[in-house]
Amino acid sequence: MARKIVVTSGKGGVGKTTLVANLGMQLAERRARVVLIDVDIGLNNLDVASGIESRVVYDIVDIAEQKCRTRQALIQDKQCLNLYYLPTAHTYNSGKITSKDIRNIVCRLDNDFDYILIDCPAGIDVGFYRAIYSAGEALIVTTPHISAIRDADKVAGILSAQNISQVSLVVNRIRGDMVNHGKMLSAESIADCLNLPLVGIIPESDELSSQASINGKVFDIDDELNMAFGLLAQSIISGKVRLYNYKPSRPRILSALMGGKQKF
Ligand SMILES: Nc1ncnc2c1ncn2[C@@H]1O[C@H](COP(=O)(O)OP(=O)(O)O)[C@@H](O)[C@H]1O
Ligand SMILES: [Mg+2]
């Protein structure tokens, strides 16, 4: 049976899709069978971020409308053969596909995968509920910005009333230099504030944001990010949290991790 993890945030643009793509790759590189499901219906981003957009033939709406079988819509990653994508529709009246449709699809994938990562849309309306309905666990992604933290708090409150066994936090776009200068909240203080277990710290990456603006892909990332996502994958697999450890040569990351001592 697969672990079904929804990646959510409330606020848009905080890095959910980036996290789903990279965490999925890291889990698959550790021999897990992984499928990434884009439930942001009508606003496909995961296929663009993962570089598979041109390979999409069928999508999740085609499955729900019985135009194809679930297997036919899956796209296998070219490099990592146990990583699959289930894309969403490019244009669609997203109200037509229901939470139960998604759950039926997830159930059909359950036996063939170890991890099903569900990329949730922004907001807390129908699309959000549709995405969380099939999940057994949730990763809430926030950035250190107050608006994102407030939305994460709202989402955490909603999830606590749902049938989700484990809700954890990933803080994305941490800049250690700013944390050290007291200009940015540390990941640990954000986790304290939200009262959520912290399972990952992902540093701000100039490379990632500039790549996204050039070709939309998120995989050709630098070593720091690779390591941060790798540790997140290990924490998820083992249940023992291992946060990204700094390299003394990279003061930004050093201070990101030192930032935990700095409460606000
Ligand atoms: N750690 C990071 N450092 C720099 N840019 C990032 C980071 N994480 C995400 N981004 C960028 O932020 C933008 C929004 O990310 P995305 O994953 O699409 O967010 P969401 O799915 O929550 O809307 C993208 O351009 C992405 O490349
Ligand atoms: Mg997204």
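I started at ligand 1, where one of its oxygen atoms sits 3.1 Å from a polar backbone atom of Val14. I note that this is a predicted model.

Next I looked at side chains. Lys16 places a polar side-chain atom 2.8 Å from an oxygen atom of ligand 1. For Thr17, I found a polar side-chain atom 2.9 Å from an oxygen atom of the ligand. I then asked how much of ligand 1 the protein covers. On its own, ligand 1 has 560 Å² of accessible area, and the protein covers 82% of that.

**The shell around the ligand**

Which residues come nearest to ligand 1? I counted 15 residues around it, and the nearest are Gly13, Lys16, Thr18, Asn172 and Ser205. I sorted the shell by class: 8 residues are polar, 4 are nonpolar and 3 are charged. Then I checked which elements contribute. Helix α1 (16-29) supplies at least two shell residues, and so do β7 (166-174) and α10 (206-214).

**Aromatic pairs**

I searched the whole structure for aromatic pairs and got 2. One joins Tyr84 and Phe113: the ring centres are 5.5 Å apart and the planes meet at 75°, so I wrote it down as edge-to-face. The cut-off I needed here is an angle over 60 degrees. Where do these two residues sit in the chain? Tyr84 belongs to strand β4 (residues 83-86), while Phe113 is in the loop between α5 (99-109) and β5 (115-119). They are 29 residues apart, so I logged a pair that links distant parts of the chain. Both Tyr84 and Phe113 are buried.

Tyr129 has 35%, so it counts as partly exposed. I checked the limits: buried means under 20%, and exposed means over 50%.

**The whole chain**

Last, I stepped back to the protein chain. I listed 12 helices and 8 strands. The chain has 264 residues, and 55% of them count as buried.

Key: Residues numbered from 1 in each chain as written. Chains lettered and ligands numbered in written order. Predicted model: local features only at pLDDT ≥ 70, side-chain atom pairs only at ≥ 80, totals over all residues. Heavy atoms only, no water. Helix = DSSP H or I, 4+ residues; strand = E, 2+ residues; numbered from the N terminus. Buried < 20%, exposed > 50% of the residue type's maximum accessible area, 1.4 Å probe, protein only. Near = heavy atom within 4 Å. Polar contact = N/O pair within 3.5 Å; in protein donor to acceptor, adjacent residues only side chain to side chain. Areas by Shrake-Rupley, 256 points an atom, 1.4 Å probe, with all protein chains shown as cover. Nonpolar A, V, L, I, M, F, W, Y, C, P; charged D, E, K, R; others polar. Phe/Tyr/Trp six-rings, centres within 6.5 Å; stacked < 30°, edge-to-face > 60°.
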